[in-house]
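Hi,

Here is the structure I promised to pass on. Have a look at it first, and then read my notes below.

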Amino acid sequence: MTELDFSNTNLTPELIDNLASLGYQQMTPIQAQSLPAIIAGKDVIAQGKTGSGKTAAFGLGLLHHLNVKRFRVQAMVLCPTRELADQVAKEIRKLARAIHNIKVLTLCGGTPTGPQIGSLEHGAHIIVGTPGRIEDHLRKGRLNLDELKTLVLDEADRMLEMGFQDALELIFSLCPAKRQNLLFSATFPKQIKPITEHIMTEPLMVKVESKH
Ligand code: ADP
Ligand code: MG
């Protein structure tokens, strides 16, 4: 056993056993540096290259805080594109395999709104999607975030590059003030700073250069 073992975290045995079955033997550096703080409920800003394992870092954190018996949106992950949102949703479903009846819903632009409205009426624990479409559902009162505990900005640099700043601001304004904020990015352009200063409370800053 080493300090990088997932069993050194406070994750539930169900989540840890599932990680073993997925072949995740040890935490990657970014996971080792961010997951304990995420589990402790802190705000975290993490910078790491593509492939460093950022999805499991925030995915395991949000699953840890989730109460599956409460069928309300408790976590939301914002991604720059539909492709990335689909990948993130797929990874979260894999990480959550041991949790029965968990519902992860993707809400992205470029796909018809009708089926999304039906899915929203049915409900979800976790939303993964792109800012524009999520803003749209929020404005029309179709998405209730009153019980949101964890908000994740994944690939924040790319979301800003793509002009999602205003959509993000609207989304922040409709989230409960008391929540955990997690921001993941490969790079940190200047424009990220106002966002982090605006929404984060004493965030832990993590920067990992290498992938493994
Ligand atoms: P990033 O978002 O940082 O670009 P991903 O979260 O997409 O990286 O992870 C890259 C790959 O590494 C994925 O295929 C994922 O399943 C795998 N992975 C993540 N964490 C671990 C781990 N602890 N052990 C083994 N593989 C992992
Ligand atoms: Mg990623």
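Helices (H or I, at least four residues) and strands (E, at least two) are DSSP runs, numbered from the N terminus. This is a predicted model, where local features need pLDDT of at least 70 and side-chain atom pairs count only at pLDDT 80 or more, while totals for chains, interfaces and linings use all residues. Residues are numbered from 1 along each chain as its sequence is written, and chains are lettered from A and ligands numbered from 1 in the order in which they are written.

Now to helix α8 (residues 165–173). Its buried residues are Ala167, Leu168 and Ile171. They sit on the same side of α8 because they cover an arc of only 100° around the axis (the arc being that of the directions from the helix axis to the C-beta atoms). Here "buried" means that 20 or more other C-beta atoms lie within 10 Å of a residue's own, "exposed" means 12 or fewer, and "partly exposed" is in between, with C-beta atoms placed from the backbone. An α-helix has 3.6 residues a turn, so residues three or four places apart point the same way. The cover over the buried residues of α8 includes α6 (131–139), α7 (156–161) and α9 (192–199). On the face turned away from that buried side you'll find the exposed residues Asp166 and Ser173.

One of those covering helices, α7, holds Met159. Met159 is buried, because it has 24 C-beta neighbours inside 10 Å. Setting aside neighbours within four places in sequence, Met159 is in contact with Leu78, Pro80, Pro131, Leu153, Phe164 and Leu168. Take Leu78 from that list: Met159 and Leu78 are 81 residues apart in sequence, yet 8.6 Å apart in space, C-alpha to C-alpha.

Which residues touch the most other members of the largest nonpolar core? In this core of 52 residues, they are Ala57, Met76, Val77, Leu78, Val128 and Val152. Helix α3 gives the most to this core, with six residues. (A nonpolar core is a set of buried Ala, Val, Leu, Ile, Met, Phe, Trp, Tyr and Cys residues joined through C-beta atoms within 7 Å.) Not counting residues up to four places away in sequence, Val128 touches Val77, Cys79, Ala85, Val88, Ala89, Ile92, Val104 and Thr106.

Helix α3 (residues 54–65) also turns up at ligand 1, where three residues from it make up the largest share of the shell. The surrounding residues are Tyr24, Met27, Thr28, Gln31, Gly48, Thr50, Gly51, Ser52, Gly53, Lys54, Thr55 and Ala56; a residue is near a molecule if its C-beta atom, placed from the backbone, lies within 6 Å of it. They divide into three nonpolar, eight polar and one charged.

An unreviewed UniProt entry places a "short sequence motif: Q motif" at residues 4–32. Over residues 4–32 the chain is 45% helix and 0% strand, with its end C-alpha atoms 6 Å apart.

How many of the ten residues of helix α5 (residues 113–122) are buried? The number is one, so α5 lies largely in the open. Glu121 is in α5, and counts as exposed with 8 C-beta neighbours inside 10 Å. Just after α5, Gly123 takes a positive phi of about 110°.

Two other residues are worth a look for their phi. Most residues other than glycine have a negative phi. Asn101, in the loop between α4 (82–95) and β3 (104–107), has a positive phi of about 60° although it is not a glycine. Glu155, in the loop between β5 and α7, also has a positive phi, near 55°. Are they buried or exposed? Asn101 is exposed, with 8 other C-beta atoms within 10 Å, whereas Glu155 is buried, with 22.

Cheers

Key
Ala, Val, Leu, Ile, Met, Phe, Trp, Tyr, Cys and Pro count as nonpolar, Asp, Glu, Lys and Arg as charged, and the others, Gly among them, as polar. UniProt positions are given in the numbering used here, feature names are shortened, and annotations may be inferred rather than shown by experiment. Two residues are in contact if their C-beta atoms, placed from the backbone, lie within 7 Å.
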